[in-house]
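Subject: A structure for you to look at

Hello,

Here is the structure I promised to pass on to you. Please open it and keep it beside you while you read my notes below.

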Amino acid sequence: RFRRHALLLCYPPPRAPMAAECLAAFCGDTVVHVGEWLGDTGSAAFEAALAEGWELTRRLPLPCWGDTAEDLTIWRRRGGGVPRGGGAAADHPVLRCDSCGKAGSLQPATVRDKPGLLRRCRYCRLACYCSAACARRGDAEHKKCHAVRMIGAPPPADFGGPEYHTCCV
């Protein structure tokens, strides 16, 4: 009866079950999410449920405060409700290295400053890289990101330093 309806989740509460519970109860085919990945909206369980049963069809950047990285994403239920499979180490459906495209994992980092698969710029919170070489290759785009967000600091030069934090392992 509600297959053609969409579920809009706009800034679901962080680390709370609300978004995952809404997704589990929803019987439609389209989900629209406004928020930040591995950040201030939703929960790890919500992100895992999206990755398992939904396909990302569109991602749109949004104007953000200087210390956030929200976007609008549109998801379609996987055909026939068949889950993707993949378990705890599945690829993150959104977070990827901006240079080579390597996906982060759904497993969030437990220690924010230890080396991991994907590290995010602390200033713009948009630029994500998997290595120092990728960070160097992405420097021109990263500078544009800082300019658009009106961040006075240049993109960090030391990929292993405190200006980048591990966002997922």
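Predicted model: local features only at pLDDT ≥ 70, side-chain atom pairs only at ≥ 80, totals over all residues.

On the α1 side, the residues that make the contact are Ala-19, Ala-20 and Leu-23, and on the α2 side they are Ala-45, Phe-46, Ala-49 and Leu-50. The crossing of α1 past α2 is left-handed.

Now stay with α2, which covers residues 44-53. Which of its residues are buried? They are Phe-46, Glu-47, Leu-50, Ala-51 and Gly-53. These buried residues pack against α1 (18-25) and also against five strands: β1 (6-10), β2 (30-35), β3 (54-61), β4 (71-77) and β5 (91-96).

Next, the overall picture. The protein chain has 4 helices and 9 strands, and from the N terminus they follow the order β-α-β-α-β-β-β-β-β-β-α-α-β. The chain is 169 residues long, and 43% of them count as buried. Its accessible surface is about 9000 Å², with 59% of that belonging to carbon and sulfur atoms. If you take the contacts between residues at least 6 apart in sequence, 62% of them join residues at least 24 apart.

Ala-6 and Gly-28 are 22 residues apart in sequence, yet their C-alpha atoms are 6.2 Å apart in space. Setting aside neighbours within four places in sequence, Ala-6 is in contact with Phe-26 and Thr-30. Is Ala-6 buried or exposed? With a relative accessibility of 53%, Ala-6 counts as exposed.

Then there are the cysteines. How many disulfides does the structure hold? The number is 0. Cys-121 is in no disulfide, and the nearest cysteine sulfur, that of Cys-124, is 3.8 Å away. A disulfide would need the two sulfur atoms to be within 2.5 Å. For Cys-130, the closest cysteine sulfur is in Cys-100, at 3.6 Å, which is too far for a bond. Cys-121 counts as buried because its relative accessibility is 0%. Cys-130 is buried as well, with a relative accessible area of 19%, and the cut-off for buried is under 20%.

Cys-121 turns up again around His-146, a residue of helix α4 (residues 139-148). Not counting residues up to four places away in sequence, His-146 touches Cys-121, Tyr-123, Cys-124, Ile-151, Ala-153, Pro-154, Pro-155 and Pro-156. At 2% relative accessibility, His-146 is counted as buried.

Finally, find Gly-152 in the loop between α4 and β9 (164-168). Is Gly-152 buried or exposed? Its relative accessibility is 80%, so Gly-152 counts as exposed. Along the chain, Gly-152 and Tyr-123 are 29 residues apart, and their C-alpha atoms are separated by 9.5 Å.

Enjoy exploring, and do write back with any questions.

Best wishes

Conventions. Residues numbered from 1 in each chain as written. Heavy atoms only, no water. Buried < 20%, exposed > 50% of the residue type's maximum accessible area, 1.4 Å probe, protein only. Helix = DSSP H or I, 4+ residues; strand = E, 2+ residues; numbered from the N terminus. Contact = heavy atoms within 4.5 Å. Areas by Shrake-Rupley, 256 points an atom, 1.4 Å probe, with all protein chains shown as cover. Left-handed = near helix turned anticlockwise from the far one by under 90°.
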